[in-house]
Amino acid sequence: MTMTSRQRLLAALQGQIPDRLPVTTHHIQDYFRNKYLEGLSDREIFDRFGLDAIHWTVPCRPDPANGEYFDPSQPEPTSPRFSRRIASDQWRITTETLPHPRYATIRYTITTPKGELTTVLQSNDYTSWVTEHLIKEKKDIEIIGEFVTNPKCDVEQVNREAQAFGECGLVRGHICGFDIYGQPGTWQDAAVLVGIERLILETFDDPAWVHELLEILCRRKEIFVRSLAGAQYDLLELGGGDASTTVISPKIFRKFVAPYDARLIEVAHEVGQRIVYHTCGGMMPILEDIAAMKPDAMETFTPPDMGGDTRLAEAKQRIGDKVCMIGGFNQHHHFTGCSEAETRAAVQRCFVEAGGGGGYILSPSDHFFDVDLNLLAAFGDEAHRCVYS
Amino acid sequence: MNHLDDIFNGVLDGDLTAVSAHVQEAVDAGVSPVRILQEGLIEAMDEVGTLFEEGEYFVPEMLIAARAMKAGLAILKPLLVSANVEPAVKVVLGTVQGDMHDIGKNLVAIMLEGAGFEIVDLGTDVAPETFIAAVENEQKNVDLIGLSALLTTTLASLEDTLLAIEQAGLRSRVKIIIGGAPVTAEYADQIGADGFAPDASQAVTVAKALLTN
Ligand code: B12
């Protein structure tokens, strides 16, 4: 029996065997969409390349009882993938465009009764990045702890979108990140706010301060996770590449990452949500540690020449019976500069190494930008041939 | 235990205070600064590189080891200068234009510095002109340029930088090594770089091999 995309992806997520290998992708980058596909929508792209669709959405709502409202300074988000920011009279965000010869550069200032916090973001055609971290002095975290707003899920909006999406595929969101340029994982959010190298050094120099910061960020995320009760999400993302072992050590993962994110996963389960834990980098030394946090799925299983360390077959053998695995495909070498036959062989290899017994969703190991469209088509088509008989 | 062993172990443990104290003790006890550098600090960083390659150490251990090594080096530097010991090789390092990833590049800087090279770190998002200006402006000759790129979209900046260095007429004066997660030895060949290393400790081996040839 042929399954719908939704049934197929859900079967794999629940560790079961679908009709064939589910195949999808991580976020579709606007650069790719605009350069190669004349701005097609996510849905059109999934359909055109035979991929099982994902609908990303993260609608949030303010809590007027706490004096919160939508940030009036934020332009309307261009995609449901981006949330609206929540402001209050004690957490006001203003922006200022700074001159720069190459990049759009914006300074954000958060004004609170006890002082201002600032951060600078730059962007080019591909993406955005932080050039000035928000947390500069240790005491800045007290301001955050006292005044930060707490986004909650707009459950009704998620459910409307889920109804409309129907059997097309999965509805996916992520745990709320910090304002302006946040990330889902607690440690990952802290890394963006402090800068990853400084954060690593502080784990040695002032671990109590790092825990205090993580606790503040985690509490805010927990409020968001509790608000997910009743939302018809299929999957929510947590984690981030700064928790991978190409960046930190298993020791730091165990002390500073797992305790906080495991707590969020537990609460997510209490309110009936599934979590995918994202580590786009080294995972092999901490596979069991991640699985022990009990996420429903793990991604991205990045291969060595994309900056990760995954040996897919070994990963499947070590944790494949505990979680669904998503990713593993080398988007750099098999979406550009190779033959269709090589791309197809790479799909088959992933299927052989991780597909056995189900519980595996084929996907590029995170983002891609430049793509030979024939190879993307071969990627989708070959996955259709990977059937479970 | 002798001073050099203490220094070696202090670096391995990333213990900045211990390394500073032991380096000072060694200096006070009359051990030559060159020996402290070579047999204490550099040997320790070499071991750190090996432990990293073997998967025993991760980035955090390297960062604190480097910090400890630098604390020791700060004590030695004035002594080395007054003894007229010049660092052998000057390296200009940077992450190419459009790319903000610098953890890998910083580790390469750490290991090269730990191996006795002098580093001019240009930071991230470095335009080709900035690399060229650095080579032209450094009073002492630059022997080696190290370029880092982490994004598939900035691989092209590696090639652009190489081309610009060539067009500026500097190519024969410097060796160029490249690295970063999506970079391969084949790619280095393809764009005409002199060398490639998959990690920071092998960057030292490659740099040394290139400069002795
Ligand atoms: C940490 C990280 C970040 C941090 C960087 C913080 C910092 N200060 O560097 C932040 C959050 C800023 C970031 C931003 C982005 N990132 Co990022 N990031 C990573 C991550 C998780 C780890 C990179 C890292 O530091 N590795 C650890 C170091 C030690 O390894 P390394 O850099 O490879 O370096 C070693 C070797 O390569 C070599 N080496 C490195 N340089 C050199 C130089 C020379 C001369 C030599 C010889 C050797 C050498 O030695 C090093 C030490 O052993 C990777 C994941 C991954 N799989 O690599 C993604 C990754 C590189 N990022 C990615 C992306 C997409 C981005 C963003 C575009 C995100 C976005 N907005 O969507 C932005 C881009 C911003 C920009 N313009 O650069 C993708 C790239 C995908 C692609 N197709 O190119 C990756 C691969 C994640 C993924 N799987 O998708 N990122």
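Helices (DSSP runs of H or I, at least four residues) and strands (DSSP runs of E, at least two) are numbered from the N terminus. By that naming, α5(B) gives the most to the shell around the ligand, with four residues. The structure is a predicted model, in which local features need pLDDT of at least 70 and side-chain atom pairs count only at pLDDT 80 or more, while totals for chains, interfaces and linings use all residues. Residues are numbered from 1 along each chain as its sequence is written, chains are lettered from A and ligands numbered from 1 in the order in which they are written, and side-chain values use heavy atoms, with hydrogens and water left out.

**The cobalt atom**
- H101(B) is the single protein donor to the ligand's cobalt atom, through NE2 at 2.3 Å.
- Donors are N, O and S atoms within 2.8 Å of the metal (3.2 Å for Na, K and Ca); water is not among the atoms, so sites may look incomplete.
- H101(B) sits in the loop between β1 (90-95) and α5 (103-114) of chain B.

**The shell around the ligand**
- The ligand is surrounded by 45 residues, each having a heavy atom within 4 Å of it.
- The closest are T127(A), M100(B), H101(B), D102(B) and T152(B).
- Because residues from chains A and B surround the ligand, the site is shared between chains.
- At least two residues each come from β8 of chain A and from α5, β3 (144-148), β4 (175-179) and α9 (200-212) of chain B.
- The shell comprises 23 nonpolar, 17 polar and five charged residues; Ala, Val, Leu, Ile, Met, Phe, Trp, Tyr, Cys and Pro count as nonpolar, Asp, Glu, Lys and Arg as charged, and the others, Gly among them, as polar.

**Oxygen atoms of the ligand**
- A backbone N or O atom of M100(B) lies 2.7 Å from a ligand oxygen atom, and one of G180(B) lies 3.4 Å from a ligand oxygen atom.
- In D99(B), a side-chain N or O atom is 3.5 Å from an oxygen atom of the ligand.

**Between chain A and chain B**
- Chain A brings 28 residues to the contact and chain B brings 21 residues, where contact means heavy atoms within 4.5 Å.
- About 2000 Å² is buried between the chains, with 67% from carbon and sulfur atoms; this is the accessible area (1.4 Å probe) that two parts lose on being put together, summed over both.
- There are two salt bridges between the chains, each a side-chain nitrogen of Lys or Arg within 4 Å of a carboxyl oxygen of Asp or Glu.
- D125(B) and R102(A) form a salt bridge through their side chains (3.6 Å, N to O).

Methods:
A polar contact is a pair of N or O atoms within 3.5 Å; within protein, one must be able to donate a hydrogen and the other to accept it, and residues adjacent in sequence count only if both atoms are side-chain atoms.
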